[in-house]
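Dear colleague,

Here is the structure I said I would pass on. My notes on it follow below.

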Amino acid sequence: MSGRAQLMWDEAVTGYDFGPDHPMDPVRLALTRRLVDAFGLDREVDVVAAKAAGDSTLRLVHRQDYVEAVKAASVDPGAADGKYGLGTLDDPAFAGMHEASALIAGQSVGAAEAVWRGEAVHAVNFAGGLHHAMPGGASGFCIYNDAALAIARLLELGAERVAYVDVDVHHGDGVQAAFWEDPRVLTVSLHEHPRTLFPQTGWPEETGAATAEGSAVNVALPAGTGDAGWLRAFHSVVPELIADFRPQVLVTQHGADTHFEDPLAHLAVSLDAQRAVQVACHELAHEYAEGRWVALGGGGYAVVDVVPRSWTHLVAIAAGREVAPESVIPESWRQDVFARTRQLGPARMTDGRWPVEWVGWEAGYDPADRLDQAVLAARRAVFPLRGLLA
């Protein structure tokens, strides 16, 4: 193992572009890449451009007829086949869609391969984390499910236990669906409650197929959950499950759309709490997975104020050179932000809430508290199935 982290990056991933009126603006990727560079993190990681995922790799998760439909829509967007979820408001077809989507998938698969083979201690693809795509269709801004493809490739390479932890505000439904029947993969998703947010799945009762009971875990958080509740929920569920499962690789998805500024959801989490969870995932990888950690991006639609800062922290943590929350953001980056977006960029790498405080589950719980009810529901649904005390 090289002891260095890999940052998966090819400028062409910014071609994943649904158009000027779509919330998933690829400027968020470009600005993140520039902020990583502005903090000098390029010198701390190996920047690698993996090849695009080919058909045989895509078929590890996706049906061939769907791949062909994406290719056809990529050539002629006006003829996109709606039965595959293409050409919709969420997933408009665009020229080059297959190529851009396969390239993002290839970065996540490449990250998984590098970590498994010991070529890198950690690998980050912040362009990835497109967790809604299903085997036979696009969904929720996601064409190919790079997270599921990375996990499937790990299994193909011989991994027997892979844990996937998803802290995006939306349920990681596509990854859960891909491994619903596979006990080799533990999927854990913390997300806003399906009553109030797309994709209306991720109920605590969703625990895996009969062949893999207890392999799917869902913590459905009430709208309005803030830092203390979000961190309490994470630490009340995730570490105990990871300790029990002892994965050979930890794959994590770090959608930044839990943030209180995000326009598409209703949680109230700060950048500082997001950073705290990134640190916790890094520690869990070292404690239980011999350091093997694949970290992905995901959602996040406050494309200037939140996403670049959150994912730059992620890269820094993986690189072993954390950026202090109080750090002043280089003026060169803020000038680039204004040139690209005509917006003023944030001045520091914090929302002013560091260090974030929260109370652990071992201190007891309040059965009348909505956050504690969400945690209890998840623990009671899954923990007994895994031989753990709820």
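Helices (H or I, at least four residues) and strands (E, at least two) are DSSP runs, numbered from the N terminus. The peptide bond that leads from Phe198 into Pro199 is cis, with omega near 5°.

This is a predicted model, in which local features need pLDDT of at least 70 and side-chain atom pairs count only at pLDDT 80 or more, while totals for chains, interfaces and linings use all residues. Residues are numbered from 1 along each chain as its sequence is written, and side-chain values use heavy atoms, with hydrogens and water left out.

Sheet

Two strands pair if DSSP finds at least two bridges between them.

S5 (residues 185-192) pairs with S6 in the parallel sense over six bridges. Leu190 stands opposite Val219 in S6. S1 and S2 also run parallel and are joined by four bridges; the bridge partner of Ala5 in S2 is Val45. Between S1 and S2 the chain passes through helix H1 (residues 27-38), and this β-α-β crossover is right-handed (with the strands pointing away from the viewer, the path from the first strand over the helix to the second runs clockwise).

Helices

Axes are lines fitted to C-alpha atoms, for helices over the stretch in contact, and angles run from 0 to 180 degrees between N-to-C directions. Contact means heavy atoms within 4.5 Å.

H7 (residues 227-245) packs with H8 (residues 271-288) at an angle of about 10°, their axes 11 Å apart. H7 is therefore roughly parallel to H8 (angles under 35 degrees count as roughly parallel, over 145 as roughly antiparallel, 65 to 115 as roughly perpendicular and the rest as oblique). Residues in the contact include Trp230, Leu231 and Phe234 of H7, and Val277, Ala280 and Leu284 of H8. By class, this contact has 14 nonpolar, two polar and one charged residues. Here Ala, Val, Leu, Ile, Met, Phe, Trp, Tyr, Cys and Pro count as nonpolar, Asp, Glu, Lys and Arg as charged, and the others, Gly among them, as polar.

The axes of H3 (residues 64-75) and H4 come within 7 Å and cross at roughly 130°, so H3 and H4 are oblique to each other. Val67, Val70, Lys71, Ala73 and Ser74 of H3 meet Met97, His98 and Glu99 of H4. That contact has four nonpolar, two polar and two charged residues.

Backbone points

A cis peptide bond also joins Trp354 and Pro355, with omega about -5°. Pro355 is in the loop between H10 (331-341) and H11 (370-382). Arg246, in the loop between H7 and S7, has a positive phi of about 50° although it is not a glycine.

Annotation

An unreviewed UniProt entry places the feature "domain: Histone deacetylase" at residues 22-316. UniProt positions are given in the numbering used here, feature names are shortened, and annotations may be inferred rather than shown by experiment. The end C-alpha atoms of residues 22-316 lie 29 Å apart, and the span is 38% helix and 12% strand.

Regards
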